[in-house]
Each structure stands twice: as structure tokens, then as C-alpha cells.
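This report describes a protein structure for a reader who is new to the subject.

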Amino acid sequence: MKQEHYSLEDLLAIMAALRDPEHGCPWDLKQDFSSIVPHTLEEAYEVADTIAREAWHELPGELGDLLFQVVFYARLGEERSSFNFHDVVQAISTKLVSRHPHVFGDVRFDDEAAIKANWEATKAKERRARDQAATSALDDIPLALPALSRANKIQKRCAAVGFDWGELPPVVDKIREELDEVMEEVNQPERDDDRIADELGDLLFATVNLVRHLKQEPEAVLRRANAKFERRFRAVEQLLAADGKDCTSSSLAEMDDCWRRVKQSEG
């Protein structure tokens, strides 16, 4: 089937061939919905990493890997006579049209806040339609989400129903309060690791709230911090190596001095 140009229909046919019971690929034939999930998450993170690095020439390939995950799930659904790829396209298209009445209908909103409010209201209706037993604004938030992303989503859902501070000072005060409670537990004569973990969790959750109030995404902010720390630490290693040393043979004071020099060099 090797050819110069492929279409979406070609990709679906390739997927079907990979899953052919007689002539397919042994690895692909062993997979099921659950076994593919880790690969889906990995491919999504690789897309995010490629964008963060602005490696635009790599992005089509990474997006293709992610698209393949969708095609794989659709093929598994088709084999079970549950759904197929066209059902996936129908579902997302219907959802997008429904959630954008200002684009695909005659509805007009005054500002972006009104558009966002309608988006959340529409999503709430969709949740109730899917699950008649749904009673909470927090229903159907995936447990498998990274903890930072899930905390952010929980807070956004609460904010959508009015459970949120309207200004920044109490958000900052809450972080200080949670930090004090962490240190109070740390300074107990007999430390209780479970209580410390609880207070650390509260501190992280409160910090996510600050990030959200500042209109940032926690995962993106932390990825940026990770990248900055890694860049600086590698520079510290290089400075030490230039003097014939490494981290294990240097004192903390020496490494701190290199760290200061690296930060100064970055302006």
C-alpha cells in the first residue's frame, strides 16, 4: 500500500490491516482499550513537549501519532460493533456546533465572559443528559487527569457555580495560611507524616488556585519552571566542569555561587 500521498480513509484502512486477525501486526492485535491508554497519554505529552520547544517541523509527526490513537480506539469500537471513526467525528462536530451558538446560530453574547458562561452551562446540560443521576458540579471530572490539571478543573467547576473568591488577596492569604499549617505540623515534637501530607496537599491546592486566578495553566507553569531549573542546573554543572569539578566533589556553597552566576548571566 506504499504510496506518495495518503488520505484519512487510507489511515483507517491501514489501521484495519494492522488489526487483521490473519495478516495483522501481532503487537496491534494484542491491544485493547485499556492497554492503549498509557500510549495515548504519552503521545499527548509529546505533542505538548514539541509545542513547548517550538519544534514546529516535528509537530505534524507528533500530531499524527496522537491521531493514530484516536483511529485505534475507533477501530476497537468498530470491531465490537459499538462505534466507528465516523461516529467519533459526528460526536465532536455535534458538540462543537452546540457549544458555539454564536458562531453556528443566531445567538449573540455581549463579551467573552458571557460566551464562557454559556459554554459551562451547555457542558452542565450535556453531563445531566449523559447521567441522569449526576447531582454535583464535580461529576465526571476524570480521576486519571494529572493532579495539577484535576485540581484546576475542580476549581473551575466550583467557580462556574459561584464558589470562588472574586479578588486576589484572599487567595494569597489562603496560601500563607496553608503554609503556616504545614510548618505547624512539621514542628510537632512527634511528626505525623499523614498529617504533613494532608497539609502539603492543601498548600499545593491553594497554589493552583492562585495560578488559576492569574489566568495561567498549572501544568504549563510547572513545565516552564522545570525547564528553567533544568537549564540552570545544567549550566551549573558546566561551570563546575570548567574548573575540573562536579556536583559530588563540590560544596553546597560552591554550587550556590555557580547558581547565582548563572542567574545573573540570564539577566
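## Pocket, ring pairs and core

The lining of the largest pocket comprises 10 nonpolar, 2 polar and 9 charged residues. The structure is a predicted model. In this model the largest pocket has a volume of about 680 Å³, and 21 residues line it. Pro 142, Leu 145, Pro 146, Ser 149 and Lys 153 are the lining residues that lie nearest the centre of the pocket. Two or more lining residues come from each of the helices α3, α7 (112–130), α8 (147–160) and α11. Helix α8 gives the most to this lining, namely 5 residues.

The aromatic residues form a second topic. A pair of aromatic rings is described by the distance of the centres and the angle of the planes. The model has 5 aromatic pairs, and two of these are set out below.

| Ring pair | Distance of centres | Angle of planes | Arrangement |
|---|---|---|---|
| Phe 33 and Tyr 73 | 6.2 Å | 10 degrees | stacked |
| Phe 229 and Phe 233 | 6.2 Å | 10 degrees | stacked |

Why does the pair of Phe 33 and Tyr 73 count as stacked? The planes of the two rings are at 10 degrees, and planes under 30 degrees apart count as stacked. Phe 33 belongs to helix α3 (residues 33–52) and Tyr 73 to helix α4 (residues 59–79), so this pair ties together parts that are 40 residues apart in sequence. Phe 33 has a relative accessible area of 27% and is therefore partly exposed. Ring pairs also join Phe 33, Tyr 73 and Phe 83 into a cluster.

Phe 229 and Phe 233 are both found in helix α11 (residues 218–242). They are 4 residues apart, which means that about one helical turn separates them. Phe 229 is partly exposed, at 48% relative accessibility; Phe 233 is also partly exposed, with a relative accessible area of 31%.

Which residues does Met 15 contact, leaving aside its neighbours within four places in sequence? Met 15 is in contact with Asp 28, Phe 68, Val 71, Phe 72 and Arg 75.

Note on methods
Residues numbered from 1 in each chain as written. Predicted model: local features only at pLDDT ≥ 70, side-chain atom pairs only at ≥ 80, totals over all residues. Heavy atoms only, no water. Phe/Tyr/Trp six-rings, centres within 6.5 Å; stacked < 30°, edge-to-face > 60°. Buried < 20%, exposed > 50% of the residue type's maximum accessible area, 1.4 Å probe, protein only. Contact = heavy atoms within 4.5 Å. 1 Å grid on protein atoms, 1.4 Å probe; cavity = no way out; pocket = protein on both sides within 12 Å on 5 of 7 lines; lining within 4 Å. Points joined across faces, edges and corners; volume = space filled by probe spheres on them. Nonpolar A, V, L, I, M, F, W, Y, C, P; charged D, E, K, R; others polar.
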